[in-house]
Amino acid sequence: MKKKLVIIDVQNDFVTEALGTKQAQQMLPRLVEKAENFEGEILMTQDTHFENYLETQEGRMLPVIHCIKGTRGWELVPELEELRKKRKVKVYQKPCFGSIRLAEDLKAAYEDGLLDGVELAGLCTDICVISNALLIKSVLPELPVFVDAGCCAGVTVQKHEAALEVMKSCQIIVDAHAW
C-alpha cells in the first residue's frame with residue numbers, strides 16, 4: 001500500500017510550553033514510536049505565526065501567543081526534529097488550522113497513482129487534526145483517511161473525543177490499528 005503518515009503540529013508550544021497539555025505529553029511516546037516504525041512517507045505540519053499574531057483573527061479568538069516562527073515554542077519537539085532530519089521529512093508551515101498545500105500535494109500524489117491512503121496523528125485533535133482530516137477528505141473523497149486516536153491529543157479530553165466523533169461522521173476512519 002502506498003501510504004503517508006501526516007504528523008500535525010507536534011511542536012513545543014503544544015506539548016510542554018504555552019498550550020501544552022498532559023494528554024499531549026502522554027501520547028508523544030506512542031507517536032514517536034509510530035513514526036519511527038512507519039514504512040511509508042512521513043509528512044509534518046508546523047503551526048506558524050508571526051509577531052503580529054494577536055492582531056489576527058485567531059489571535060483575537062485565542063489570545064495566547066504561540067508558535068511564533070523562530071522561537072523554541074514553534075520548533076518541532078526534539079524527538080520528531082531528529083526524525084525529520086534523519087528521514088528528510090517535508091514540513092508544511094501553515095498560518096492557520098488546515099494546510100491547503102498539503103491537501104493539494106496529497107491530491108497530486110493520489111492522481112499520479114502514488115497514494116492509497118493517508119493517516120493523521122498529532123495535535124490538537126479538535127483544531128488542526130480535524131481541520132486537516134476534513135480538508136483532505138473534501139479534496140479526496142475516495143481516499144481512505146485514517147486518524148490514530150491514540151497518537152492524538154486535544155485541548156481537553158472531551159474536545160478530543162468530540163472531534164473523533166465528528167470525524168467518524170465524515171467517513172474518516174478513527175482507529176489506532178487501521179493499517
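Select R84 first: this residue is partly exposed, at 24% relative accessible area (buried is under 20%, exposed over 50%, partly exposed in between, with a 1.4 Å probe on protein chains only). The model is predicted: local features need pLDDT of at least 70, side-chain atom pairs count only at pLDDT 80 or more, and totals for chains, interfaces and linings use all residues. Residues are numbered from 1 along each chain as its sequence is written, and side-chain values use heavy atoms, without hydrogens or water.

R84 and E81 form a salt bridge, with the closest N and O atoms 2.6 Å apart (a side-chain nitrogen of Lys or Arg within 4 Å of a carboxyl oxygen of Asp or Glu). Both lie in helix α4, three residues apart, about one turn of the helix (helices are DSSP runs of H or I, at least four residues; strands are runs of E, at least two; both are numbered from the N terminus).

Next, pick R72 and E17. Their salt bridge has its closest N and O atoms 2.8 Å apart. R72 sits in the loop between α3 and α4, E17 in the loop between α1 and α2, 55 residues apart.

Move to D47 and K94. Their side chains meet in a salt bridge at 3.8 Å, N to O. D47 is in strand β2 and K94 in strand β3, so the pair ties together parts 47 residues apart in sequence. D47 is buried, at 1%. K94 is buried too, at 1%.

Finish on K137, in helix α6. K137 is buried yet has no salt bridge.

Conventions:
Lys and Arg count as positive and Asp and Glu as negative; His and the chain ends are not counted.
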